[in-house]
Amino acid sequence: KDYLKEIDINSDLLQQARDQYEENYNIKISPLYIQDRRFPWLQASINGFSEDFSKLVKISTSTQEYNDAENNIYPKEQLQHLLMTTGLEKIDYWCYSKNKESILLVVRRDQKMINQLYHRYINSQFV
């Protein structure tokens with residue numbers, strides 16, 4: 001029961017963050033799960049994708065990630081993985097906290113890191 005309650009709370013918080021992002025930037029985003037056609041192992045769970053698939057958003061509701069974002073620290077590999085999977089050139093990293101002003105970091109595609117991730121993935125036993 002505690003685990004299910006925690007999932008509900010996290011889902012509600014994620015939706016609040018999504019709603020605030022939509023309100024601030026006047027764009028509708030929806031969660032989506034995607035998988036590359038050529039490489040079925042290349043998959044991603046997207047927190048927010050615009051209806052025209054041009055805007056990609058990673059949402060964080062973690063206190064630690066919010067504090068890191070204040071210092072321009074963000075999960076580089078995770079964001080580059082999302083960019084690799086979608087093919088987009090940039091991602092909005094939206095850090096949401098109920099009692100603080102949200103933080104937006106726009107992260108550009110780093111092709112060198114994406115190449116490293118790709119080679120790491122294809123050389124792993126999971127592919």
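**Aromatic pairs**

Tutor: In this predicted model, tryptophan 41 has a relative accessibility of 23% and therefore counts as partly exposed, since buried would require a value under 20%. Tyrosine 118, at 25% relative accessibility, likewise counts as partly exposed. Tryptophan 41 and tyrosine 118 form an aromatic pair with 5.9 Å from centre to centre and 40° between the planes, a geometry that is classed as tilted. This pair links distant parts of the chain, for tryptophan 41 lies in the loop between β1 (29-35) and β2 (43-50), while tyrosine 118 belongs to helix α4 (residues 111-122), 77 residues apart. Tryptophan 41 and tyrosine 118 are also members of a cluster, in which ring pairs link them with Phe39 and Tyr121.

The structure holds 8 aromatic pairs. One of them joins tyrosine 21 and tryptophan 94, whose ring centres are 5.4 Å apart and whose planes stand at 80°, so the pair is edge-to-face, the angle being over the 60 degrees that this class requires. Here too distant parts of the chain are linked, with tyrosine 21 in helix α1 (residues 2-25) and tryptophan 94 in strand β4 (residues 90-95), 73 residues apart. Tyrosine 21 and tryptophan 94 are both buried, whereas tryptophan 41 is partly exposed, as is tyrosine 118.

A further ring contact involves a charge: the charged end of lysine 76 sits over the ring of tyrosine 74, at 4.8 Å from the centre of that ring.

Conventions
Residues numbered from 1 in each chain as written. Predicted model: local features only at pLDDT ≥ 70, side-chain atom pairs only at ≥ 80, totals over all residues. Heavy atoms only, no water. Phe/Tyr/Trp six-rings, centres within 6.5 Å; stacked < 30°, edge-to-face > 60°. Helix = DSSP H or I, 4+ residues; strand = E, 2+ residues; numbered from the N terminus. Buried < 20%, exposed > 50% of the residue type's maximum accessible area, 1.4 Å probe, protein only. Lys NZ or Arg CZ within 6 Å of the ring centre and 35° of its normal.
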